[in-house]
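Here is a short briefing for a reader meeting this structure for the first time. Look over the sequence and the model, then read on.

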Amino acid sequence: MTENESVLVCMRVDGFCVVYPGSVKDRCNVCHAEVWVAPSGQAGIATGQVTKTMCIPCVVIRVREDPPQSVGLLPKTAQEVRQWLGRN
Ligand SMILES: [Zn+2]
């Protein structure tokens, strides 16, 4: 992966029954499969923190071929934190 590439790892829509509330459908930038993007991912895309959306199978292939030098997490939205705490 390139130094400035910031990939959002997403679950594919097909075969994934449990969807995080507020998620929207997008497309994997590699295989174009439909993926779910949670609110924190949507915020990352809107702010430019995320430069590419990828499904898990494509990320696995990419990491095997070209391991990233670092891995980070996007900050969660207030809504996501409230849901984790059971206060939604
Ligand atoms: Zn893909």
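## Overall size and fold

A compact globule of 88 residues would have a radius of gyration near 12 Å, and the protein has 13 Å, which agrees. The model is predicted. Its mean pLDDT is 85, and 93% of the residues reach 70 or more.

**Fold and dimensions**

- The protein contains three helices and four strands.
- Along the sequence, these elements follow the pattern β-β-β-α-β-α-α.
- Along the principal axes, the C-alpha atoms fill a box of roughly 40 × 25 × 20 Å.
- Contacts between residues 24 or more positions apart make up 62% of the contacts with a separation of 6 or more.

**Confidence by element**

- Strand β2 has the highest mean pLDDT among the elements, at 96.
- Helix α3 has the lowest, at 74.
- Where pLDDT is low, predicted coordinates should not be read in detail.

**The nonpolar core**

- Of the 88 residues in the protein, 14% are buried.
- The largest nonpolar core has nine residues: Leu8, Cys10, Cys28, Val35, Val37, Ala38, Met54, Cys55 and Cys58.
- Strands β1 (7–10), β3 and β4 (52–55) each give two or more residues to this core.
- In soluble globular proteins, nonpolar side chains tend to be buried together.
- Cysteine 55 belongs to this core.
- Neighbours within four places in sequence aside, cysteine 55 is in contact with Cys10, Arg12, Cys28, Cys31, Ala33 and Val35.
- Cys10, Cys28 and Val35, which are among those contacts, are also listed in the core.

**Histidine 32**

- Histidine 32 sits in the loop between β2 (24–27) and β3 (34–37).
- Its phi is positive, about 70 degrees, although histidine 32 is not a glycine.
- Most residues other than glycine have a negative phi.
- Is histidine 32 buried or exposed? Histidine 32 is exposed, because it has 10 other C-beta atoms within 10 Å, and a residue with 12 or fewer counts as exposed.

**Alanine 78**

- Alanine 78 lies in helix α3 (residues 78–84), the element with the lowest mean pLDDT.
- Alanine 78 is exposed, because 9 other C-beta atoms lie within 10 Å.

Notes: Residues numbered from 1 in each chain as written. Predicted model: local features only at pLDDT ≥ 70, side-chain atom pairs only at ≥ 80, totals over all residues. Buried ≥ 20, exposed ≤ 12 C-beta atoms within 10 Å, placed from the backbone. Core = buried A, V, L, I, M, F, W, Y, C linked by C-beta atoms within 7 Å. Contact = placed C-beta atoms within 7 Å. Rg over C-alpha atoms; globule rule 2.2 N^0.38 Å. pLDDT = per-residue confidence, 0-100.
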